[in-house]
Amino acid sequence: MKSTWRNALLLTTTLTTSLFAQADPLQPTQYGDFDTYVLALSWQTGFCQNMHERNRHEPDECKTQHEEADKRAFLTVHGLWAGLPKSVASRGVDARRWMRYGCATRPVPNMPEARGSKKCSAPETGMSVEMASKLSGVMPGAGGQSCLERYEYAKHGACFGFDPNAYFGTMVRLNTEFKESKFGAFLAQNYGKVVTRKAFNNALENSWGSDAVKAVKLTCNGNPAYLTEMQISLGAKTINDPLGSRSFSPQKNPGSCAKQFRLDAVGY
């Protein structure tokens, strides 16, 4: 994994303070009539394990992964996805089609489709060099040969007119807040171990209350199961506030992780 992760974690407190003080709030300039965001965070070692087991082309960040002293480094950013705008839904679009096509959804917003197999073909995001450096510390697939940030912005950010620094800065801030919480400590303490869904949920509740438990959808893969991703539903009205009990928006689907699963360690 990228060496910048270590630097990012050593500076988490400074980073969080800096982002709250200096980052512009995330505000859509169009299609802003939606209620929630989904913050997608990967458990990076599980993501890489899944890519390996499915004989997928392993990205560079998986080929070079290595142990980190601070295990919270393996909680990484996948993306931040705005919910279905009411103005788009009124044109006959359902949530499933919206999540599949995002900004390319027809009849609106009808932007060029970003393809997962050709992430680097998506336009440059226009974020600053400083923000790109911060993002590389929490999104291993950013830049390089993976271009995850281009794909995410083209699919989930461009049609809202999000300022790219605010968009990616919000991801960096939220990822840092999760890492610095009691929940982040739970992940680090249980690195490489099998945990129960009950214990996992308790860690969420101890950090932000019962609504946080109801807001998290987990994805597990493998046999025996290991965690690959968590998708957290957050209220649009509170997206620019520090994480708290009012930040979370319950969702119906708890995901594919059953009663227990592993927080996978580095290596196959």
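This briefing describes the confidence, the pockets, the cavity and some salt bridges of one predicted protein model.

Because the structure is a predicted model, local features need pLDDT of at least 70 and side-chain atom pairs count only at pLDDT 80 or more, while totals for chains, interfaces and linings use all residues. Residues are numbered from 1 along each chain as its sequence is written, and side-chain values use heavy atoms, with hydrogens and water left out.

**Confidence**

- The protein chain has an average pLDDT of 92, and 91% of its residues score at least 70, where pLDDT is the predictor's confidence in each residue, from 0 to 100.
- Over residues 1-22 the pLDDT stays under 50, and for this stretch the model has 50 contacts beyond four places in sequence, a contact meaning heavy atoms within 4.5 Å.

**The largest pocket**

- A pocket is found on a 1 Å grid over the protein atoms alone, as an open set of points with protein on both sides within 12 Å along at least five of seven lines, and its lining residues have an atom within 4 Å of a point.
- The largest pocket holds about 920 Å³ of space, a volume being the space filled by probe spheres set on the grid points, which are joined across faces, edges and corners.
- Its lining is made of 32 residues, and those nearest the centre are Phe 47, Met 51, Pro 59, Lys 119 and Leu 148.
- Helix 3 (44-53) is among the elements that supply at least two residues of this lining, and helix 3 also gives the largest share, four residues; helices (H or I, at least four residues) and strands (E, at least two) are DSSP runs, numbered from the N terminus.
- By class, the lining of the largest pocket has eight nonpolar, 15 polar and nine charged residues, where Ala, Val, Leu, Ile, Met, Phe, Trp, Tyr, Cys and Pro count as nonpolar, Asp, Glu, Lys and Arg as charged, and the others, Gly among them, as polar.

**The second largest pocket**

- The second largest pocket has a volume of about 480 Å³, and of the 15 residues that line it, Val 38, Ala 95, Met 99, Gln 231 and Gln 251 are the closest to its centre.
- Helix 6 provides the largest share of this lining, three residues, and the lining as a whole divides into seven nonpolar, six polar and two charged residues.

**The cavity**

- The whole structure has one cavity of 30 Å³ or more, a cavity being a set of points where a 1.4 Å probe fits but cannot get out.
- The largest cavity contains about 30 Å³ of space, and the residues that line it are Leu 174, Leu 234, Thr 238, Ile 239, Asp 241, Leu 243 and Ser 247.

**Salt bridges**

- Seven salt bridges are found in the whole structure, each being a side-chain nitrogen of Lys or Arg within 4 Å of a carboxyl oxygen of Asp or Glu.
- In the salt bridge between Glu 124 and Arg 150, the closest N and O atoms are 2.8 Å apart; Glu 124 lies in the loop between helix 6 and helix 7 (129-136) and Arg 150 in helix 8, so the pair ties together parts that are 26 residues apart in sequence.
- Glu 124 counts as exposed at 59% relative accessibility, whereas Arg 150 counts as buried at 17%, buried meaning under 20% relative accessible area, exposed over 50%, and partly exposed in between (1.4 Å probe, protein chains only).
- Arg 173 and Glu 177 form a salt bridge with the closest N and O atoms 2.7 Å apart, and both residues are buried.
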